[in-house]
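Visitor: I'm new here, and I'd like a close look at one end of the chain and the charged pairs beyond it. Could you walk me through?

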Amino acid sequence: MHRLLVLYPEPADPDHFRDYYVTKHLPLVREMPGLLACRCSFEVAAAKGEAPYFAVFEADFADATALAAARSSAQGQRAAADVVNYATSGAVVIDYPVQDGIG
């Protein structure tokens, strides 16, 4: 499995971010081909001090090739272009293969 992780710093308008993200952005993301599962949270906490991020998003794909195809698809390009409509502080986007943490 391959995971896409998006970390969002504190936006200028947190209420707008939450509303737009849930009602407009996530429906775009769910249209991406090959998406196996996705999840998000606005309850980001740090082990010590203040959390550096306001929100987090994770999406799972079968492998890196499936993720690349999803990101380059029309649906993926629409979702990427939509980020400026809510994430006024930008976003940190990373991806990685998911490995079992045991053994």
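In which segment does Met-1 lie?

Guide: Met-1 sits in the segment before β1 (strands are DSSP runs of E, at least two residues, and helices runs of H or I, at least four, numbered from the N terminus). Keep in mind that this is a predicted model, where local features need pLDDT of at least 70 and side-chain atom pairs pLDDT 80 or more, while totals for chains, interfaces and linings use all residues. Numbering starts from 1 along each chain as its sequence is written, and side-chain values use heavy atoms, without hydrogens or water.

Now for the charged pairs. The whole structure holds six salt bridges (a side-chain nitrogen of Lys or Arg within 4 Å of a carboxyl oxygen of Asp or Glu).

Take Arg-18 and Asp-15, whose side chains meet in one of them at 3.6 Å, N to O. Both belong to helix α1, three residues apart, about one turn of the helix. Asp-15 is exposed, with 57% relative accessibility, whereas Arg-18 is partly exposed at 33% (buried is under 20%, exposed over 50%, partly exposed in between, with a 1.4 Å probe and protein chains only).

Another bridge joins the side chains of Arg-78 and Glu-31, at 3.8 Å from N to O. This pair links distant parts of the chain, 47 residues apart: Arg-78 is in helix α3, and Glu-31 is in the loop between α1 and β2 (37-41). Arg-78 is partly exposed, with a relative accessible area of 43%, and for Glu-31, also partly exposed, the value is 43%.

Then look at Arg-39 and Glu-58, a salt bridge whose closest N and O atoms are 3.0 Å apart. Arg-39 lies in strand β2 and Glu-58 in strand β3, so the bridge ties together parts 19 residues apart in sequence. Arg-39 counts as partly exposed at 35% relative accessibility, and Glu-58 is partly exposed at 22%.
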